[in-house]
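Have a look at the fold below before reading on.

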Amino acid sequence: MEFPFKRLIVIGRGSVARECLKIAENFFQVKGELLFLFGKSVEKNTLEQIFEKCYNALIISANNFYIFKEDCVKNNTIINYHNALLPRHRGSNAHIWAIWYDELKTGITWHKVDCGVDTGAIIVQKEINIGSATAMELLQKQHFLAVESLEECLIKLLKNEQTQQSNEKTEYHFASKLPNDGFLDLSWDDAKIIRFMRAIDCGFARAKVKLSDNILRVIKFSFNEVKIDFILENHITISILRKEKSERN
């Protein structure tokens with residue numbers, strides 16, 4: 001297959017970006033470039049200089065938080081992996097919000113990048129049952145599925161098989177926002193407490209609790225059929241008898 005672009009570039013972080021580069025190189029039989037965002041090979045403030053000189057490249061955005069400038073979008077073909085079933089949960093931390101909103105399913109989307117954010121035409125979508133997964137567990141499943149479906153995405157891209165997103169108005173999530181601003185409310189019912197703790201178990205944030213005039217972080221959380229246990233900062237422990245269990249008894 002003749003490679004229809006001048007350059008192959010993968011931009012992103014972690015094993016997702018590295019695996020996507022391998023798959024794309026093997027698919028097109030060309031040598032690609034990896035821009036490892038926030039890594040040693042490239043820093044964010046140099047990306048605009050790189051992309052200013054980029055024309056007719058295929059850019060694969062995989063686990064990437066850089067927002068492409070308009071000229072880069074117009075001068076190149078860019079596809080992006082987003083960890084939700086667009087148009088739902090545009091923006092950041094989609095896996096966290098899917099759990100918090102008690103959704104049964106989420107998934108991944110490979111889509112064309114346009115001048116909006118997560119608004120481009122859909123190339124491939126795959127569903128995942130959320131079940132009882134934490135945010136970290138769900139994100140790992142999404143990463144795996146994104147890598148697994150990249151080749152299908154590339155085939156459809158070359159065939160120009162894509163679907164415009166619906167005009168459904170959906171919430172956009174900013175990176176700085178967390179459910180309930182990251183605060184656990186101990187007056188919530190059992191299911192909501194557990195759902196919140198699953199959502200906040202994302203690897204980069206800890207739930208917070210207001211006790212009197214103090215704000216304390218939750219260090220550890222566990223639950224069983226009888227109670228929900230928390231270990232907070234300063235070795236403070238809290239146990240809540242599960243309402244559903246006590247009502248059955």
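Which residues have the most contacts inside the largest nonpolar core? They are L58, I60, I79, W110, L154 and F230, in a core of 57 residues. A nonpolar core here is a set of buried Ala, Val, Leu, Ile, Met, Phe, Trp, Tyr and Cys residues joined through side-chain atoms within 4.5 Å. Buried stands for under 20% relative accessible area, exposed for over 50%, and partly exposed for what is in between (1.4 Å probe, protein chains only).

A word on the basis: this is a predicted model, in which local features need pLDDT of at least 70, side-chain atom pairs count only at pLDDT 80 or more, and totals for chains, interfaces and linings use all residues. Residues are numbered from 1 along each chain as its sequence is written, and side-chain values use heavy atoms, with hydrogens and water left out.

As general background, nonpolar side chains in soluble globular proteins tend to be buried together.

The centres of the two domains, taken over C-alpha atoms, are 32 Å apart. Their contact (heavy atoms within 4.5 Å) takes 12 residues from domain 1 and 10 residues from domain 2. Between them the domains bury about 1000 Å², 64% of it on carbon and sulfur atoms; this is the accessible area (1.4 Å probe) that two parts lose on being put together, summed over both.

Helices (H or I, at least four residues) and strands (E, at least two) are DSSP runs, numbered from the N terminus. α1 has 15 residues and spans 22 Å from its first C-alpha to its last, close to the 21 Å expected at 1.5 Å a residue; the expected span is 1.5 Å times one less than the number of residues. In α1, V16, A17, C20, L21, A24, E25, F27 and F28 are buried. Seen down the axis, these buried residues fall within an arc of 160°, so they line one face of α1. The arc is that of the directions from the helix axis to the C-beta atoms. K22 and N26, on the other side of α1, are exposed.

In α6, the buried residues include L150, C153, L154 and L157. They cover an arc of only 100° around the axis, which puts them on the same side of α6. Among the elements that cover them are α1, β3, β4, β6, β7 and α5.

Each helix is followed by a residue with positive phi:

| Helix | Residue after it | Phi |
|---|---|---|
| α1 | Q29 | positive, near 60° |
| α6 | N160 | positive, about 60° |

## Individual positions

I79 links several of these parts: beyond its neighbours within four places in sequence, I79 is in contact with residues including I60, W110, H111, L150, C153, L154 and L157. H111 lies in strand β6 and is buried, with a relative accessible area of 2%. Leaving aside neighbours within four places in sequence, the contacts of H111 include I79, H82, D118 and I123.

G12 sits in strand β1 (residues 7–12) and is buried at 0% relative accessibility.

Notes. Domain bounds come from an automatic or database domain assignment.
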